[in-house]
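Here are my notes on the helix packing, as promised. Have the model open while you read.

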Amino acid sequence: LVPNDITISNYYKNCPEEQSPCENFKPPISLLPSKTLEFLWQTTYWTTYIMTWAVYPIVQSYAVSGDFTILNKLKTALRDNALFYGIAGFIGAALMISIAITQQLTFEALLGIAISLGNAWGLFLLVALLGIGLVQVPRQLWRDSQLEISLKSLYFDISTFANELNEAKY
């Protein structure tokens, strides 16, 4: 979508303002109608939004659930996420209401505050996780390159697993 968006911007940048269809320039092959491009951007945005805030947390809770059946794991994941989002939503709503009352803000201003807080949270996660990744990946590669230390670690893991296996048998 981004290359198509850039192509459209460059195409219309070359057109004089008084000409709505650009007659002097041939339109690029990838030129999409604006309604189609808007639909694609909306679809991409809302799919990402739903996956980030609904699907991924449920899958994450499902994976760490201690239940044994699929249905019980799913129930636990849904209950955990409902509890988290219920508490977070209550606190967020209380804060927004208190801000609206004390500052006498309109709904549009509160919506702007909510959007900016969401963007700030995303940037915080990006900076925090990117910083961890920039340090952890080279550190892990360095540790993996030291074969003697890796072999000793694997020997230790084997003995631990063998002890656990023996305990499970008897």
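1. A word on angles before anything else: those under 35 degrees count as roughly parallel, over 145 as roughly antiparallel, 65 to 115 as roughly perpendicular and the rest as oblique. Axes are lines fitted to C-alpha atoms, for helices over the stretch in contact, and angles run from 0 to 180 degrees between N-to-C directions. Helices (H or I, at least four residues) are DSSP runs, numbered from the N terminus.

2. Keep in mind that this is a predicted model, where local features need pLDDT of at least 70 and side-chain atom pairs count only at pLDDT 80 or more, while totals for chains, interfaces and linings use all residues. Residues are numbered from 1 along each chain as its sequence is written, and side-chain values use heavy atoms, with hydrogens and water left out.

3. Start with α2 and α3. Their axes come within 8 Å and cross at roughly 125 degrees, so the two helices are oblique to each other. On the α2 side, the contact (heavy atoms within 4.5 Å) uses W53, P57, I58, S61 and Y62; α3 brings I70, K73, L74, A77, L78, D80, N81 and Y85. Sorted by type, that makes nine nonpolar, two polar and two charged residues. Here Ala, Val, Leu, Ile, Met, Phe, Trp, Tyr, Cys and Pro count as nonpolar, Asp, Glu, Lys and Arg as charged, and the others, Gly among them, as polar.

4. Now α3 (residues 70-103) against α4 (residues 107-145): the axes come within 11 Å and cross at roughly 135 degrees, which makes α3 oblique to α4. This crossing, too, is right-handed. M96, I99 and A100 of α3 meet L110, I113 and A114 of α4. The residues here are six nonpolar, with no polar and no charged ones.

5. What is buried in α3 (under 20% relative accessible area)? The list is T76, A77, N81, M96 and A100, and these residues pack against α2 (34-64) and α4.

6. Please look at Q104, in the loop between α3 and α4. Its phi is positive, near 55 degrees, in a residue other than glycine. Most residues other than glycine have a negative phi. Q104 counts as exposed (over 50%) because its relative accessibility is 70%.

Notes
Left-handed = near helix turned anticlockwise from the far one by under 90°. Buried < 20%, exposed > 50% of the residue type's maximum accessible area, 1.4 Å probe, protein only.
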